[in-house]
Amino acid sequence: RVKTIFLAMRHTIDDMTADPGLTLSYAEGVLSATADSGFSFTSYLWKIDGSAIPGGTSATCVLDTGSLETGYHNVTLVVKDTKGKYYSGTLELRVKK
């Protein structure tokens with residue numbers, strides 16, 4: 001069964017005065033996060049459809065797309081910066097047969 005992944009990005013921030021420029025990407029089974037220079041994160045939590053992804057506690061995370069059903073899935077990353085502020089970004093994955 002062949003699957004094709006389509007991505008759409010959106011993000012939210014809890015401090016509207018500081019946007020870290022959080023960007024999420026996916027390539028060859030690996031999710032990754034980057035931010036503008038000057039932002040440093042102390043914790044990461046990757047989730048898919050609301051559930052934590054095992055091992056998803058760093059700037060990169062392996063995602064087993066073989067187990068995903070056809071349809072839309074939300075992959076969310078919640079990060080905390082060195083000042084204790086939280087930010088999140090979400091990728092919408094569309095899996096097609």
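Leu31 touches Ser25, Tyr26, Trp46, Ile53, Ala59, Thr60, Cys61, Leu63, Val75 and Leu91, leaving aside residues up to four places away in sequence. These contacts come from a predicted model. The chain averages a pLDDT of 81. At least 70 is reached by 79% of the residues. Strand β1, residues 4–13, has the lowest mean, at 51. Strand β5, residues 51–52, has the highest, at 96.

Now follow Leu31 into the core. The largest nonpolar core has 19 residues. Leu31 is one of those that touch the most other members, along with Leu24, Trp46, Ile53, Leu63 and Val75. At least two residues each come from β2 (23–27), β3 (30–34), β4 (41–48), β7 (71–81) and β8 (86–96). The top contributor is β8, with four residues. As background, nonpolar side chains in soluble globular proteins tend to be buried together.

Turn next to the sheet that includes β3. Three strands form an open sheet in the order β2-β3-β6, with antiparallel pairing. The edges are β2 and β6 (60–62). Each has a single partner strand, so one side of each lacks a neighbour in the sheet. On average, neighbouring strands here are turned by 20° against each other, direction ignored.

What joins β2 to β3? Five bridges do, and the two strands run antiparallel.

Definitions and conventions. Residues numbered from 1 in each chain as written. Predicted model: local features only at pLDDT ≥ 70, side-chain atom pairs only at ≥ 80, totals over all residues. Heavy atoms only, no water. Core = buried A, V, L, I, M, F, W, Y, C linked by side-chain atoms within 4.5 Å. Buried < 20%, exposed > 50% of the residue type's maximum accessible area, 1.4 Å probe, protein only. Contact = heavy atoms within 4.5 Å. Pairing = 2+ DSSP bridges. Axes fitted to C-alpha atoms, helices over the stretch in contact; angles between N-to-C directions. pLDDT = per-residue confidence, 0-100.
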